[in-house]
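Dear colleague,

I am passing on to you the structure we spoke of, with the sequence beside it. My notes on what was found follow below, and I would be glad if you read them against the model.

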Amino acid sequence: MIEAFEILFTASFWVAAIRIASPLIFATMGELICERAGVLNLGIEGIMVAGAFAGWLTVYLGGDLWFGVAAAALAGAAFGLLHGTLTVPLGLSQHVVGIGITLLATSLTYFTYRIVLPEVTSPPRIEPFQPLPVPMLSEIPLVGPALFNQTPLTYFAFATVAIVAWVLYRTPLGLAVRAAGENPSAVEAQGMSVTAIRMGAVMAGSALMAIGGAFLTMSAFNSFFFEMINGRGWICIALVVFGSWRPGKALLGAVLFAAFDAYQVRLQQITGGAVPYQLFLMMPFVLSILALVVMSRRAAYPKALMIPYQKGER
């Protein structure tokens, strides 16, 4: 029992938690942008798969790591464009389109993988991002290794939260995005295009989702395999609700879930197989569901979320 408690005060635990949280942060911010504009993007799971593959393949074919990140973002934006076209101007069901995007992105990724690497039995490896310690700060006990000795993509993930929060709450563009998800008729009354705002938000959000997937192949691991997303996209949708559609709270939710995940791995090692490992695997999801139930009761969701809008409607 004491060993289980001591885990919380080890640097390795928090290093792992921040690393696990990083792809969730990217994807959660992407989903948050989409939903703030009034569009539920259930294509997140497939977009993360496509982003993971696009980034990894770009580097495997000789591209720079940051060029791989850009390629992943472009792949995500392309699927966001498709999703936005079907749901915003055409007004199709966001649920159905989102599931379709997930199936399309996953299947297209699998097809491309087999075309490019038809005879590969084990995933080829690349040289991923390496930890980049911040001088002096990385030497702070416990906090230093966790926050200041991570890869550049982890720093980028936390910077993304600040950027998204600043844009949403401190710029006219952010006000327009939030208005598109709350009262689109007011946006049109100001002479702005609800369609353009929502389309842009879905594309930008999908690009961030894809970068979240690319983090797994280019920072957490060094190869691509199809099960690596493993439901992270669906968790991110829940994290948006947990965070009440606010970047700061969503960040807290991502770190909390990642801490649960890192904790269950270490508990398995302590018990030495005395408890079925499936119990530990489901622990972070059960705890996240409980936290979601508590937080969502007070969450104020965007009023126009999942409601199609046509120009001239009142």
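Which helix gives the most to the nonpolar patch? Helix α5 (residues 94-116) does, with five residues, helices here being DSSP runs of H or I of at least four residues, and strands runs of E of at least two, numbered from the N terminus.

Before going further, please note that this is a predicted model, in which local features need pLDDT of at least 70 and side-chain atom pairs count only at pLDDT 80 or more, whereas totals for chains, interfaces and linings use all residues. Residues are numbered from 1 along each chain as its sequence is written, and side-chain values use heavy atoms, with hydrogens and water left out.

The patch itself covers about 740 Å² and is made by Y60, L61, L82, L104, L108, F111, I115 and V116. V116, which is found in helix α5, counts as partly exposed because its relative accessibility is 36% (buried means under 20%, exposed over 50%, partly exposed in between, with a 1.4 Å probe and protein chains only).

R36, in helix α2 (residues 11-36), counts as buried because its relative accessibility is 10%. Leaving aside residues up to four places away in sequence, R36 touches L168, Y169, V177, R178, A180, G181, E182, W245, R246 and P302, a contact meaning heavy atoms within 4.5 Å.

As for the cysteines, the count comes to zero disulfides, a disulfide being a pair of cysteine sulfur atoms within 2.5 Å. The sulfur of C34 lies 12 Å from the closest cysteine sulfur, in C236, and is therefore too far for a bond. Both cysteines count as buried, C34 at 0% relative accessibility and C236 also at 0%.

Taken as a whole, the protein chain has 13 helices and zero strands, and 50% of its 314 residues count as buried. Among contacts between residues at least 6 apart in sequence, 76% join residues at least 24 apart.

With kind regards

Conventions. Patches are made of residues with over 30% relative accessible area and no salt bridge: like charges are joined within 9 Å, nonpolar side chains (Val, Leu, Ile, Met, Phe, Trp, Tyr) within 5 Å. Accessible areas come from the Shrake-Rupley method with a 1.4 Å probe; for residues, only the protein chains shown count as cover. A salt bridge is a side-chain nitrogen of Lys or Arg within 4 Å of a carboxyl oxygen of Asp or Glu.
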